[in-house]
Amino acid sequence: MAKARQLSQQDIEELVERARRGDGAAFGQLVEEYKDKIYNYVSRMLNDPYEAEDVTQEAFLRAYRSLPRFRGASSFHTWLYRIASNLAIDVVRKRKRQEPTYSLDEPMESDDGEYEREIPDDTGSPEDRSTTRETRVAVRRAIMELPEKLRDVMILYELQGETYEDIAEILNVPLGTVKSRLFNARNRLKESLEQLVAAGELEVES
Amino acid sequence: MTCEEVRAELVECWGSTEQLTTAATEHLAICENCRYEARILRGTSVMLHSLPSESAPEGFTAGVLQQIAREQAQRGWTARLGQWFVPANQTSWTRAAAVGAAIALAVAGGSMWAGRGSLPEGTQQYAGSASGTIAVSTPAATEAELDELLRRHQALQMTQPLADDPGVNLVVYTTK
């Protein structure tokens, strides 16, 4: 469904209020508004489109169930992010217990057998696509290698465009913690990708 | 300014020399190692921000709304079952307990139907999940049919609580 326009803060508040009173259509509009943002965030956290879809759906379902308790102390979007973040972190921790050596290169298993992790890329020439694909795999791997607390902040700030203040609210940590985690995350990411950058895989303007 | 201080600044601005303080810029002019550090940071930033955004799959919103509708339907039927079991003048806690009992009985009945290989006539599968099947009758059973059904349910003894038996089928009936 194509989005007609970006909803204003007032539109969101009205939709939330209507949804709290049981208006399913209003909640549907909220889902439309936030589904891509939340899915992208969860997908980056988990690097698995199937799990990302499940977790994103569960985040919206939990939000709907919890709407009667939503008092508007935080904005709807930080509240929604917080629900999604908690669910994604749960999955990350569960994976750690089950698969201590989670690898992006390994095929995934399903009921239908094994399949490769899906990383779509349809831009440029075959050679470009190959290089771009390798770069993206390397970046995704580097993100996945970050401890979840650093990964969360890195994704929210760098890829989702959230502010320090909103991230502090989403993760329920002090502002200083957000900044220090981001600093550490950038350092670690730089270390992971250093060889690739230095080898000239990418032209970097100086 | 030390290399360590300059590198902390570089991390803050992803290696962009335009945002550095004058002291850091002067340091960069004479320190090859820090210039290398700045280049790696800029490259890392470009790589990170070149990741394309991903969108939720087609039909995502409809899927969420359908799931909500299922849950609401389920809540509605269990509440009605509770009403059939408990006189209106009893306390809400008694009523809540009775609703639980009604669900358990319906579950036992569902297992029985499942054992015969198909759902009762006039009943269709409403929703499926890994942990079982939820069904509602369409068209709804009559009061007499429901009474008979409940008698049969009451004749069954649950040997396991619901939570320990994820494989059962949950069948909820409603009257015409």
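User: Among contacts in chain B between residues at least 6 apart in sequence, what share join residues at least 24 apart?
Analyst: In this predicted model, 64% of the contacts in chain B between residues at least 6 apart in sequence join residues at least 24 apart.

User: And what is the secondary structure of chain B made of?
Analyst: Chain B has 6 helices and 3 strands, and along the sequence they follow the pattern α-α-α-α-α-β-β-α-β.

User: How much of chain B is buried, and what does its accessible surface come to?
Analyst: Of the 176 residues in chain B, 39% are buried, while the accessible surface of the chain comes to about 9,900 Å², with 53% of that belonging to carbon and sulfur atoms.

User: Let's go to helix 1 of chain B. Which of its residues are buried?
Analyst: In helix 1, which covers residues 3-12 of chain B, the buried residues are B:Val6, B:Glu9, B:Leu10 and B:Val11.

User: What covers them?
Analyst: The cover over the buried residues of helix 1 of chain B includes helix 8 (175-198) of chain A, as well as helix 2 (22-30) and helix 3 of chain B itself.

User: What comes after helix 1 of chain B?
Analyst: Helix 1 of chain B is followed by B:Trp14, a residue in the loop between helix 1 and helix 2 of chain B. Phi of B:Trp14 is near 50°, which is a positive value in a residue other than glycine.

User: Is B:Trp14 buried or exposed?
Analyst: B:Trp14 is buried, with a relative accessible area of 8%.

User: What about A:Asn172, where is that one and what is its phi?
Analyst: A:Asn172 lies in the loop between helix 7 (164-171) and helix 8 of chain A, and its phi is positive, about 55°, although the residue is not a glycine. A:Asn172 counts as exposed, at 68% relative accessibility.

User: Back to chain B, how many residues does helix 3 have, and how far does it reach?
Analyst: Helix 3 of chain B (residues 32-49) has 18 residues and reaches 26 Å from its first C-alpha to its last, which is close to the 26 Å expected at 1.5 Å a residue.

User: Which residues of helix 3 are buried?
Analyst: The buried residues in helix 3 of chain B are B:Cys34, B:Glu37, B:Ala38, B:Ile40, B:Leu41, B:Arg42, B:Gly43, B:Thr44, B:Ser45, B:Met47 and B:Leu48.

User: Take B:Ala38 from that list. What does it touch?
Analyst: Leaving aside residues up to four places away in sequence, B:Ala38 touches B:Leu10 and B:Gly15. B:Leu10 is one of the buried residues of helix 1 of chain B, and B:Ala38 itself counts as buried, at 2% relative accessibility. The C-alpha atoms of B:Ala38 and B:Ser16 are separated by 7.1 Å, although these two residues are 22 residues apart along the chain.

User: Are B:Cys31 and B:Cys13 buried or exposed?
Analyst: B:Cys31 is buried, with a relative accessible area of 11%, and B:Cys13 is buried with a relative accessible area of 11%.

Definitions and conventions:
Residues are numbered from 1 along each chain as its sequence is written. Chains are lettered from A and ligands numbered from 1 in the order in which they are written. This is a predicted model: local features need pLDDT of at least 70, side-chain atom pairs count only at pLDDT 80 or more; totals for chains, interfaces and linings use all residues. Side-chain values use heavy atoms; hydrogens and water are left out. Helices (H or I, at least four residues) and strands (E, at least two) are DSSP runs, numbered from the N terminus. The expected span of a helix is 1.5 Å times one less than its number of residues. Buried means under 20% relative accessible area, exposed over 50%, partly exposed in between (1.4 Å probe, protein chains only). Contact means heavy atoms within 4.5 Å. Accessible areas come from the Shrake-Rupley method with a 1.4 Å probe; for residues, only the protein chains shown count as cover.
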